Amino acid sequence: MNDDLADLLGLSDFAWQRLRDRMAGLTDDEYLWEPVPDCWTVRPVGDGTFRADGDGPDHVFTTLSWRLSHIASLLAEDRNAVWLGRPPTDAEQPGDPGTAAEALARLDAGYGTWRAVVAGCTSESLTEPIGPAGGYFAKDTRRAFVLHILDELIHHGAEAALLRDLYAAQA
């Protein structure tokens, strides 16, 4: 494995493990806790599935359920494989997790998909532009896209950890 790819996978694994360790023992009460009124969360939609609130840029206040659902979805998106020159993974799942256990399982599955997609890259493919599939980002390199997803994993993971700390501090 080339050094660039090893570095990206190493950072990805480190950020992932840090998040996963911080979410160990997550309860449904924590998962669904709303730190302020009217924050974005995950809600039942009436057919037994759950959906995360919002469409567009991140809202200022969110629940842990919203953050973890966002991370799980982000890691499992078919665009990750397509933008990195790989076949689509079909890993995306309908709805969002309604419980802490479902969220952790969805996170694990999403990270497994993400890691496999990145590990399938080569140093040459990482320097290539994303291409037409990337729309506005077509001229950006695939490496830049990997770094973007890692930034999302790291900053949303830190926000999830903070929400757990705030929940614990209530007592």
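Is Glu 102 buried, exposed or partly exposed? At 41% relative accessibility, Glu 102 counts as partly exposed, where buried means under 20% relative accessible area, exposed over 50% and partly exposed in between, with a 1.4 Å probe and protein chains only. Welcome to a short tour of this predicted model, in which local features need pLDDT of at least 70, side-chain atom pairs count only at pLDDT 80 or more, and totals for chains, interfaces and linings use all residues. Residues are numbered from 1 along each chain as its sequence is written, and side-chain values use heavy atoms, with hydrogens and water left out.

**Aromatic rings**

- A search of the whole structure finds six aromatic pairs; rings of Phe, Tyr and Trp (its six-membered ring) pair if their centres lie within 6.5 Å, and planes under 30 degrees apart count as stacked, over 60 as edge-to-face and the rest as tilted.
- One of these is the stacked pair of Trp 16 and Tyr 111, at 4.6 Å centre to centre and with 0 degrees between the planes.
- Trp 16 belongs to helix 1 (residues 3-22) and Tyr 111 to helix 5 (residues 100-119), so this pair ties together parts that are 95 residues apart in sequence. Helices here are DSSP runs (H or I, at least four residues), as are strands (E, at least two), numbered from the N terminus.
- Trp 16 and Tyr 111 are both buried.
- The ring centres of Tyr 136 and Phe 137 are 5.2 Å apart and their planes stand at 90 degrees, so that pair is edge-to-face.
- Tyr 136 is exposed, with a relative accessible area of 76%, while Phe 137 is partly exposed at 37%.
- Trp 83, Tyr 136, Phe 137 and Phe 145 are linked into a cluster by ring pairs.
- Arg 79 lies over the face of Trp 83, 4.9 Å from the ring centre; a charge sits over a ring if NZ of Lys or CZ of Arg is within 6 Å of the ring centre and within 35 degrees of the ring normal.

**Helices that pack on helix 7**

- Two packed helices are described by the angle between their axes and the distance between the axes. Axes are lines fitted to C-alpha atoms, for helices over the stretch in contact, and angles run from 0 to 180 degrees between N-to-C directions.
- Helix 1 and helix 7 (residues 142-169) pack at about 15 degrees, with their axes 9 Å apart. That makes helix 1 roughly parallel to helix 7; angles under 35 degrees count as roughly parallel, over 145 as roughly antiparallel, 65 to 115 as roughly perpendicular and the rest as oblique.
- The contact between them (heavy atoms within 4.5 Å) involves residues including Leu 8, Leu 11, Ala 15 and Trp 16 of helix 1 and Val 146, Leu 150, Gly 157 and Ala 161 of helix 7.
- Helix 3 (residues 64-76) and helix 7 have axes that come within 9 Å and cross at roughly 160 degrees, and they are therefore roughly antiparallel to each other.
- Among the residues that meet there are Trp 66, Ile 71 and Leu 74 in helix 3 and Leu 153, His 156 and Leu 163 in helix 7.
- Helix 5 and helix 7 pack at an angle of about 155 degrees, with axes 12 Å apart, which makes helix 5 roughly antiparallel to helix 7.
- Tyr 111, Trp 114 and Val 118 of helix 5 make this contact with Val 146, Ile 149, Leu 150 and Leu 153 of helix 7.

**Residues worth a look**

- Val 118, in helix 5, is buried, with a relative accessible area of 2%.
- Not counting residues up to four places away in sequence, Val 118 touches Leu 5, Leu 9, Leu 84 and Val 146.
- Val 118 and Ser 12 are 106 residues apart in sequence and 9.5 Å apart in space, C-alpha to C-alpha.
- Glu 102 also lies in helix 5; Glu 102 and Ala 72 are 30 residues apart in sequence and 11 Å apart in space, C-alpha to C-alpha.

**Loops**

- Most residues other than glycine have a negative phi. Asp 38 has a positive phi, near 65 degrees.
- Asp 38 sits in the loop between helix 2 (28-32) and strand 1 (42-44), and counts as exposed at 69% relative accessibility.
- Pro 87 is found in the loop between helix 4 (78-83) and helix 5, and at 57% relative accessibility it counts as exposed.
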